[in-house]
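Dear colleague,

I am handing over the structure below, followed by notes on what was found in it. Please read the notes with the coordinates open beside them.

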Amino acid sequence: LGFGAGLPDPNRAEILLEGVELPPEAKSRLTTQRSSYFIELHAGQTKVGQELLSGKSDFRDLKPDIDVFSQNAEFTFDDKLVLLRSYLLHSPRGDESVSYSALSHIRPEKFEFDPHFYNYGGAFLYPLGGVIFALDQLSVINITSNIEFYLDHAIEINKLFLTGRTLNILAFLGILVVLWRVGVEFFGFRVGILAAIAFGLSSLPWYLAISARPHVFSAFWATLALFFLLRFIRDMNVRTYILSIGAMGIAMGSFLPTGLAAIAYPLLLWGHVGTRRWIGLSLVGGISVATIYAATNPYAILNLPEFYANFMFHAASDRYDRAVFNLVKFSEFLPNIIYGLAFPTSVIGFVAMVWALLFQTGVVRRLALFVLLAFVIAGGTVATSRVVVFLGPLICLFGAVGLDRACSSRFLRSTRAQVVFVALGLLPGFLSIAIYSTDA
């Protein structure tokens, strides 16, 4: 199913070097070069952050990408080693290797826990690091800062990737269970089943689940938080609200952009409690989620200059520019979500949300408002489908609501017609997963 796709393979070196053995000084340089690179980068980011915080300068990208496709590109020996190390030891799944680069800076024996990379949050990195540490103690995994070791033992770095992917597979399965419960408890048994199937047949979360990045992990906690919030609105059990806040804090602590889901608290609570209690619950929720984020990402405060430089790199650099709302970005982002979430059930989901917004009342209407509002905000700013995968379960939920309502209409009275209609809604997703998993 693509679980081990793209993992480093000893044959990579053979393919690239064609039997030529790397000289010992080049292998040694791979380790020392990486160390000096990060020392320079962290010092530079701290300096940039201090200048930004003091208002002395605008953001500047310290490490622009090498244009490897330029005909006039000139590569130094170190440039070639960077590309070689990336080719031999990295995975092709985007920034999957970043998780391990961040963990490599954590040295518990020296009481150093600063990952120096804050886009992936501590609520994801620290548990992943804890699992890897435990496996190392059990001699299941061998951890070392020596790059030469991994060049000669590719299976060991593969174990690191597989550990992170396993964590995300579990989170993916967790989303299916929670989504099923949301559907069953608030919309009916059939909606719960269809929602879980639709999300399970969505290529976007599948792709992210077999990648050691925090997006699916964070999405699980956000989905769980919204489930508890819906339960609180129904039962008014304070314990459930506390569980919701805790889960949302972990979601944001795992991946900062998922914090956008916290706008669900004031939106969904409005009209279900008195005004004073609404203000109190919303404030308590917001402050608590921010506190959990700070607790799981302490270096956002302890190393504020570097954190701020890292944040601005993703928010305002020419490479990303995610903090500026732009409808052009949204128009490019929309098809990625539609086709990444069990098309055409995703389209049915958006239609069902608009219908709920116009004709429904109560929590269903406000849930639709939350998803659409968060979708527009995220789509016009970050405009990256993997960043907003936490909205995927709810889009699939409303897609299931739409399928269920259609099956209950007078146009689809026979069981055979209902089965055919649902199959047509889910079949493209199934085929996409089948093609993707075998191709991977």
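What span should the 33 residues of helix α7 (residues 154-186) have at 1.5 Å a residue, and how far apart are its end C-alpha atoms? The expected span, taken as 1.5 Å times one less than the number of residues, is 48 Å, and the end C-alpha atoms are 48 Å apart, which agrees. Just after α7, G188 takes a positive phi of about 120°.

Some conventions come before the rest. This is a predicted model, in which local features need pLDDT of at least 70 and side-chain atom pairs count only at pLDDT 80 or more, while totals for chains, interfaces and linings use all residues. Residues are numbered from 1 along each chain as its sequence is written, and side-chain values use heavy atoms, with hydrogens and water left out.

Overall, the protein has 20 helices and zero strands, where helices (H or I, at least four residues) and strands (E, at least two) are DSSP runs numbered from the N terminus. For 440 residues a compact globule would have a radius of gyration near 22 Å, and the protein, at 23 Å, agrees with this; the radius is taken over C-alpha atoms, and the globule rule is 2.2 Å times the number of residues to the power 0.38. Along the principal axes, the C-alpha atoms fill a box of roughly 75 × 50 × 50 Å. Of the 440 residues, 48% count as buried (under 20% relative accessible area, with exposed over 50% and partly exposed in between, using a 1.4 Å probe and protein chains only). Among contacts (heavy atoms within 4.5 Å) with a separation of 6 or more, 75% are accounted for by residues 24 or more positions apart.

Leaving aside residues up to four places away in sequence, L229 touches Y241, S244, A264, Y265, L268 and L269. With the same exclusion, T240 of helix α11 (residues 238-254) touches F228, R231 and F232, and T240 is buried at a relative accessible area of 10%.

Rings of Phe, Tyr and Trp (its six-membered ring) pair if their centres lie within 6.5 Å, with planes under 30 degrees apart counted as stacked, over 60 as edge-to-face and the rest as tilted; by this rule there are 20 aromatic pairs. One of them joins F217 and W221, edge-to-face at 6.4 Å centre to centre with 65° between the planes. These two are four residues apart in helix α10 (residues 215-235), and so are separated by about one helical turn. F217 is buried at 9% relative accessibility, whereas W221 is partly exposed at 22%. F124, F217, F220 and W221 form one aromatic cluster.

Finally, some backbone values deserve a look. Most residues other than glycine have a negative phi, and most peptide bonds are trans. In the loop between α4 (98-103) and α5 (122-137), F111 has a positive phi near 55° and is exposed at 66%. H116, in the loop between α4 and α5, has a positive phi near 60° and is partly exposed at 21%. The peptide bond from F343 to P344 is cis, with omega near 5°, and P344 lies in the loop between α16 (327-340) and α17 (345-359).
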